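Here is a short walk through one protein chain.

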Amino acid sequence: MIAVSASAAEHECSLAGEGEVDLCEKVYWRSRIAAVAIPSYVLAMDGATVHHGMSWTLAIDVPRDEWSEYFSLGVPRDALPRGFPFHLGLAASFVWYPGYALEGRLVGRARIISLAWPNSPALSWAHLTMGLGAAGGSIGFAPRVELRARVGHIAWGGLVLALGFTPYLSKSLFMADLSVGLEAPWVWWW
């Protein structure tokens, strides 16, 4: 996936249909399929035990141009500061801890910061995302919060490190997890 993403950046691919369109479409599809198919490694801790597992995530980003007029909180669109509001997304995950639990997660995400190369926001390379949602499975149902850091191209994906916390209050069980994997969110209009 990293080689595919590098190839896209080298040929000036963009989501606006600029550059070598056929190559860009291939990069888009291959990076998304790889990110969904290749599981992330998950390490979960509950204070007493440690569990190792895998997760598969389908992430979808909503383009800012499509939703900013709906989420401007009453402020005229032309009065909003540049870059506001943050990019939003949704992610559904299936997590398997062999011999311990199965879990499904649904999380809404907001990208809170991106670092980019000077004068080229398309080549942003580090992204920090906050997520809130719910988890449910063989352990029970609970709210979930995530903090994700991704290193890679904004459009073509990259390597992600995520910290999560799920408090199963009914069982007095508080799970914290760390995962490492690939992420390339689908863009809903494609």
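Two strands count as paired if DSSP finds at least two bridges between them. With that in hand, take β3 and β4. In β4, the bridge partner of V95 is E103. This contact is one of 10 bridges that join β3 to strand β4, residues 101–115, and the two run antiparallel. They form a hairpin with three residues between them. In that turn, G99 has a positive phi of about 75°.

Now step back. The model is predicted. Its protein chain has three helices and nine strands. From the N terminus on, the elements run α-α-β-β-α-β-β-β-β-β-β-β. Of the 190 residues, 38% count as buried. The chain exposes about 10,600 Å², and carbon and sulfur atoms supply 68% of that area. Among contacts with a separation of 6 or more, 50% come from residues 24 or more positions apart.

Return to β3, which has another partner. Strand β2, residues 50–62, pairs with β3 in the antiparallel sense over nine bridges. Here S93 of β3 is the bridge partner of T57. The strand also has two faces. G89, A91, S93, V95 and Y97 make up the covered face. L88, L90, A92, F94 and W96 make up the uncovered one.

What lies in the interior? In soluble globular proteins, nonpolar side chains tend to be buried together. The largest nonpolar core here has 11 residues: V42, A44, V95, Y97, A101, A135, I139, A142, Y168, L173 and M175. The elements that give two or more residues to this core are β1 (40–45), β3 (88–97) and β8 (173–183). A second, separate core has six residues, including V27, W156, W186 and V187. Back in the largest core, look at A135. Leaving aside residues up to four places away in sequence, A135 touches E103, G104, R105, G140, F141, A142, R144, T166 and Y168.

Charged residues come next. A search of the whole structure finds eight salt bridges. In one of them, the side chains of D177 and R105 meet at 3.6 Å, N to O. D177 sits in strand β8 and R105 in strand β4, 72 residues apart, so the pair links distant parts of the chain. D177 is buried, with a relative accessible area of 4%. R105 also counts as buried, at 8% relative accessibility.R109 and E183 form another salt bridge, at 2.7 Å, N to O. R109 lies in β4 and E183 in β8, so this pair ties together parts that are 74 residues apart in sequence. Both R109 and E183 are buried.

D177 has a further partner, R144, with the closest N and O atoms 2.9 Å apart. R144 is in strand β6, residues 141–153, and this pair spans 33 residues. R144 is buried, with a relative accessible area of 4%. Salt bridges that share partners join E103, R105, R109, R144, E146, R148, R150, D177 and E183 into one network.

One last stop is S172. Its place is in the loop between β7 (157–168) and β8. Most residues other than glycine have a negative phi. The phi of S172, though, is positive, near 55°. At 59% relative accessibility, S172 counts as exposed.

How values were computed:
Residues are numbered from 1 along each chain as its sequence is written. This is a predicted model: local features need pLDDT of at least 70, side-chain atom pairs count only at pLDDT 80 or more; totals for chains, interfaces and linings use all residues. Side-chain values use heavy atoms; hydrogens and water are left out. A nonpolar core is a set of buried Ala, Val, Leu, Ile, Met, Phe, Trp, Tyr and Cys residues joined through side-chain atoms within 4.5 Å. Buried means under 20% relative accessible area, exposed over 50%, partly exposed in between (1.4 Å probe, protein chains only). Helices (H or I, at least four residues) and strands (E, at least two) are DSSP runs, numbered from the N terminus. Contact means heavy atoms within 4.5 Å. Accessible areas come from the Shrake-Rupley method with a 1.4 Å probe; for residues, only the protein chains shown count as cover. A salt bridge is a side-chain nitrogen of Lys or Arg within 4 Å of a carboxyl oxygen of Asp or Glu.
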